[in-house]
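Subject: Structure handover

Hello,

I am passing this structure on to you. Please look at it first; the notes on what was found in it follow below.

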Amino acid sequence: MPSYSSSHTGAQIDAAVEKTRAIDNPTTGKADLVGGIVKASQAHVAVSATKSASFTLAAGDAEKFIPVYGASGAVVITVPRDATGTIPVGSAFTFLRIGANAVSFAFESGLAAYIDKGSVAISGAGSLAVLLRISDTEYSLSCG
């Protein structure tokens, strides 16, 4: 195996290698890459069941498109501290606001949040928000 000079730990490199192996997993099939990117015809995103009340994000919500419809009022999406690391760093969440009721985000104590445009609310029906976990204690949020 070749040696590499990196500031990453062996465990981080091993984790990255395992994720790469998933692309060539005979159980799930192989992805065709063009310039290191999965072909558009093979790309997809899992769609979550519509959320209609306030909730706290969980690991099962990661890498999903989550429609949010406040059936009986405003919806608050709580971003957890997740000290146990069940939501992996690098996880992405995509939200679509459906309907007139407000949809906003609340960050648990101990988290740093980088907020694009200074808003923690999805602006209106049909607008999207993307939340990224960028470290154990940091998230980036962009609301449209």
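Leu132 counts as partly exposed because its relative accessibility is 33%; buried means under 20% relative accessible area, exposed over 50%, and partly exposed in between (1.4 Å probe, protein chains only). This is a predicted model, in which local features need pLDDT of at least 70 and side-chain atom pairs count only at pLDDT 80 or more, while totals for chains, interfaces and linings use all residues. Residues are numbered from 1 along each chain as its sequence is written, and side-chain values use heavy atoms, with hydrogens and water left out.

Leu132 lies in strand β13. Together with Tyr114, Val130 and Ile134, Leu132 makes a nonpolar surface patch of about 320 Å². Patches are made of residues with over 30% relative accessible area and no salt bridge, with like charges joined within 9 Å and nonpolar side chains (Val, Leu, Ile, Met, Phe, Trp, Tyr) within 5 Å. A salt bridge is a side-chain nitrogen of Lys or Arg within 4 Å of a carboxyl oxygen of Asp or Glu. Strand β13 (residues 128-135) gives the most to the patch, with three residues.

**The sheet**

Strand β13 belongs to an open sheet of six strands, in the order β5-β7-β9-β13-β14-β11, with mixed pairing. Two strands pair if DSSP finds at least two bridges between them.

β5 and β7 run parallel, with two bridges, and Ala46 has Lys64 in β7 as its bridge partner. β7 (residues 64-69) also pairs with β9 (residues 92-98) in the parallel sense, over six bridges. There Lys64 stands opposite Phe93, and Pro67 has Leu96 as its bridge partner.

**The chain as a whole**

The protein chain has one helix and 14 strands; helices (H or I, at least four residues) and strands (E, at least two) are DSSP runs, numbered from the N terminus. Of its 144 residues, 25% are buried. The chain exposes about 8800 Å², of which carbon and sulfur atoms supply 58%; accessible areas come from the Shrake-Rupley method with a 1.4 Å probe, and for residues only the protein chains shown count as cover.

Regards
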